[in-house]
Amino acid sequence: MKNYIGITALAICSLSTQAADFQVVSNEIKTGEHLSNDQLFKGFGCEGGNRSPSMAWSGAPDGTKSFAVTVFDPDAPTGSGWWHWTVVNIPVSVTSLTANAGHADGFGLPAGAVQGRNDFGYAGFGGACPPNGDKPHHYHFKVWALKTESLPIDNHSSGALVGYMLNANKIATTEIVPVYAVK
């Protein structure tokens, strides 16, 4: 029994170390800092550039077969948060996305990647647009390391469906969490 517990503890520590090495960085966004006008939505009363930021990740755990990127606002006053972007089936050989890769035309994405439908109603990146006077919202720009090469997602798939599929197939995640509030 002692050997089994020791082996289990060693395996858990190994997975924790691998997950700790998985990191994402961006030149445009930083955890705790305000989003720039580029990452704000254009519409719904907001006047931003509606451009997804560049992101690069490293240290993916062993067994990673693809990546996904999501942007979720749990502070949206909807009772269920707000999906700003979902993109899946990013090949394991790809470890970055350029600025504006989330454009609705998808031309900035690597071959095979698929954008799901955001809560604005289209497939692509939709920037921040919290209600006037609301508390600062936290935008979780998350990269997912997945144990599968592809997910059965298309450009009509909701954020909830994508989130379900990601959680069922994740090995590890890493994120940047900037904030924004309309002043």
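The side chain of S52 reaches the backbone nitrogen of A101 at 3.2 Å, a polar contact in the sense of a pair of N or O atoms within 3.5 Å, where within protein one must be able to donate a hydrogen and the other to accept it, and where residues adjacent in sequence count only if both atoms are side-chain atoms. The model is a predicted one, in which local features need pLDDT of at least 70 and side-chain atom pairs count only at pLDDT 80 or more, whereas totals for chains, interfaces and linings use all residues. Residues are numbered from 1 along each chain as its sequence is written, and side-chain values use heavy atoms, with hydrogens and water left out.

S52 is placed in the loop between strand 3 and strand 4, helices (H or I, at least four residues) and strands (E, at least two) being DSSP runs numbered from the N terminus. With a relative accessible area of 1%, S52 is buried; buried means under 20% relative accessible area, exposed over 50%, and partly exposed in between, for a 1.4 Å probe and protein chains only. Leaving aside neighbours within four places in sequence, S52 is in contact with residues including W85, A101 and F125, contact meaning heavy atoms within 4.5 Å.

Aromatic pairs come to nine, where rings of Phe, Tyr and Trp (its six-membered ring) pair if their centres lie within 6.5 Å, and planes under 30 degrees apart count as stacked, over 60 as edge-to-face and the rest as tilted. Two of these pairs are set out below.

| Pair | Centre to centre | Angle between planes | Arrangement |
|---|---|---|---|
| F22 and F67 | 6.2 Å | 25° | stacked |
| W85 and F125 | 5.7 Å | 85° | edge-to-face |

F22 lies in the loop between helix 1 (2–21) and strand 1, and F67 in strand 5 (residues 66–73), so this pair ties together parts that are 45 residues apart in sequence; both F22 and F67 are buried. W85 belongs to strand 6 (residues 82–91) and F125 to the loop between strand 8 and strand 9, so their pair ties together parts that are 40 residues apart in sequence. W85 counts as buried at 1% relative accessibility, and F125 is buried with a relative accessible area of 3%.

C46 lies in strand 3 (residues 46–47) and C129 in the loop between strand 8 (114–115) and strand 9 (137–138), so the pair ties together parts that are 83 residues apart in sequence. The torsion about the S-S bond of C46 and C129 is about 90°, so the disulfide is right-handed, and both cysteines are buried.

One salt bridge is counted, the rule being a side-chain nitrogen of Lys or Arg within 4 Å of a carboxyl oxygen of Asp or Glu. The side chains of K42 and E47 form this bridge at 3.5 Å, N to O, and both K42 and E47 are exposed.

Three strands form an open sheet in the order 1-4-7, with antiparallel pairing, two strands being paired if DSSP finds at least two bridges between them. Strand 1 (23–25) and strand 7 (96–97) are the edge strands, each pairing on one side only. Strand 1 pairs with strand 4 (residues 55–58) in the antiparallel sense over three bridges, and V24 stands opposite W57 in strand 4.

Technical notes. A disulfide is a pair of cysteine sulfur atoms within 2.5 Å.
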